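Trainee: I'd like to learn how to read a model like this one, feature by feature. Can you walk me through it?

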Amino acid sequence: MTSKKNIKPVLELKNLKKSFGDNHVLKGFNLKLFEGENLVIMGKSGSGKSVMVKCLVGLIQPDSGSIRIKDQDIITMGQTELDLLRTEIGFLFQGSALYDSMTVRENLEFPLRRHKDKIENFQSTEFSVKEALENVGLAHTIDLMPAELSGGMQRRVAMARALILKPKIIMYDEPTTGLDPITAKEIIQLMRTIQKKYNTSSLIITHDVDCARVISNRMILLVDGINYAEGTFEELSNSKDEQVQAFFKS
Amino acid sequence: MNNENAILSNTKSFFAEIGDMTFFAGRFFREVFSPPFEFKELVRQCYNMGNRSLLLVSVTGFILGLVFTLQSRPTLMQFGAQSWMASMVSLSIVREIGPVIIALICAGRIGSGIGAELGSMRVTEQIDAMEVSGTNPFKYLVVTRVVATTLMLPLLIIMGDAIALLGSAIVENLKGDVSFLLYFNQVFDALQFSDLLPATVKSVFFGFAIGLVGCYKGYNCAKGTVGVGEASNSAVVYISMLLFIIDFIAVFVTDIFFDI
């Protein structure tokens, strides 16, 4: 960790606070994500993990704190700049969030409609869509509707959609939730392959210990809206703290 | 005291919702004139709303004309005024009954559909996914739908009116031995520009109200399947109420300008 002290993070979150009425979800959360790193955020259901990650992409406005992505403050940013910055971020939603009135092809073409220029050496929409689907091993599903795909296939298509603009940062919100153990392993493997191929920085929100063990370089435990513990998987899994142990025993 | 509090709270939330809806409409007017324009999606929505409502509007219009003529005939016959049938039916349908009934039918068919569709997209995070991909979901989903309903409703109403008059002509032909040519001559003699213009302008506002309220309810849908149901249901309730308010205002304004 000490070696990273002088490196500039690609994503930095300082003292983030967010409340919904009397429910104080985030009470000063801090985070740094470095280039090429897989950072796992673990926490109980309702601990504010999804709220935090939605604050990061500007879907929820935090009450206070700062969010800097690639050295730009997203809270004070205008809509046009934010839309441009979002093309540098891939986001995998918990329920895949595929557009159910569109085919797989149209789902993947959607982010390209306004941002083709963001891709270096852009060849054609068709080429990009096929390349993204081949990356997740689902080239044959190109003309199917999302309803015709299994849960695991939907998650992989959603990953292909998140990757199509070749983002530098990918955020995964519960990537293995609702999947059987075998499909979950396939998804985790796919995440590792993508990270190696594109050298992306990944922020993974999960409460799947297996997922965290396989993929994480570093972990943060989010408890009661703050960073409760931080370290590598080994450091945290060997911790004597009862609250930390509770995550690994389950 | 509890009842008073409940009434006060409901009144407050009603006016808060009206305020939110006004801001939503304001955002629509800001976004509708600024590029990029989603023409392809607009055409798709026009097709969905126009073409897929044709049968429903046609059947409703036809039965409306048929029943209206059948019900009015005995009364007019009592006064020996059956020759006024064509002008009475055409004026009633074109000025008032046609636009209101067809708009109410479309509120159920289109307004609830938009509320449910956008509501389920909100609940399943599809709208968030659009936003995260750097596309403006308001422009893609809301602006296109509101413009489509605003363009399509006048056309559906004109077509529904025409089919209602056809239904009426059939009854007159069968019951009163009035030829189609004579019936439609009487219809066109009775109808003036001052009958068609306010009705068409009114139907533009009806279309706008259906699109805007349907989109507002769906776009701001609460979480869960209950939220989707509520969005769809309350969209129809609000639209129906709004249609009558718009109709009242339209008749009032028409009376000032055209002296009806």
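Mentor: Happy to. Let's begin with the neighbours of one residue: V213(B) touches G111(B), A235(B), Y238(B), I239(B) and L242(B), leaving aside residues up to four places away in sequence. Keep in mind that this is a predicted model.

Trainee: Which residues touch the most other members of the largest nonpolar core?

Mentor: V213(B) is one of them, together with A160(A), M171(A), A209(B), I210(B) and I239(B), in a core of 112 residues. That core takes at least three residues from each of domain 1 (13–88 + 168–250) and domain 2 (100–166) of chain A. There is also a second, separate core of 14 residues, including F68(B), I93(B), A164(B) and Y183(B).

Trainee: You mentioned domains. How is chain A divided?

Mentor: Look at the bounds to begin with: domain 1 of chain A is written in two pieces, 13–88 and 168–250, while domain 2 of chain A covers 100–166. The C-alpha centres of these two domains are 24 Å apart. Eleven residues from domain 1 of chain A and 13 residues from domain 2 of chain A take part in the contact. On the domain 1 side, helix α7 (residues 181–198) of chain A gives the largest share, six residues. That side of domain 1 of chain A divides into seven nonpolar residues, three polar and one charged.

Trainee: Which residues of chain B does the "transmembrane region" annotation cover?

Mentor: The UniProt entry, which is unreviewed, puts that annotation on residues 54–72, 84–107, 146–171 and 235–258 of chain B. Then compare the record with the model. Residues 54–72 of chain B are 100% helix and 0% strand, with end C-alpha atoms 27 Å apart. Residues 146–171 of chain B are likewise 100% helix and 0% strand, and their end C-alpha atoms lie 37 Å apart.

Trainee: Why is R30(B) called exposed?

Mentor: R30(B) has 11 other C-beta atoms within 10 Å, so R30(B) is exposed. R30(B) sits in helix α1 (residues 2–32) of chain B. From R30(B) to V171(B) is 141 residues in sequence and 49 Å in space, C-alpha to C-alpha.

Trainee: Now the strands. In what order do the four strands of the open sheet in chain A come?

Mentor: Read across the sheet: the order is β2-β1-β4-β5 in chain A, with antiparallel pairing. β2 (23–33) and β5 (72–73) of chain A are the edge strands, each pairing on one side only. Further in, strand β1 (residues 11–20) and strand β4 (residues 64–69) of chain A run antiparallel and are joined by five bridges.

Trainee: Which residue takes a positive phi in the hairpin of β9(A) and β10(A)?

Mentor: Check the turn, where two residues lie between the strands: D224(A) has a positive phi near 50°. Strand β9 (residues 218–223) and strand β10 (residues 226–231) of chain A pair in the antiparallel sense over five bridges. V223(A) stands opposite I226(A) in β10(A).

Methods: Residues numbered from 1 in each chain as written. Chains lettered and ligands numbered in written order. Predicted model: local features only at pLDDT ≥ 70, side-chain atom pairs only at ≥ 80, totals over all residues. Domains from an automatic or database assignment. Contact = placed C-beta atoms within 7 Å. Nonpolar A, V, L, I, M, F, W, Y, C, P; charged D, E, K, R; others polar. Core = buried A, V, L, I, M, F, W, Y, C linked by C-beta atoms within 7 Å. Buried ≥ 20, exposed ≤ 12 C-beta atoms within 10 Å, placed from the backbone. UniProt positions renumbered as here; feature names shortened; annotations may be inferred. Pairing = 2+ DSSP bridges.
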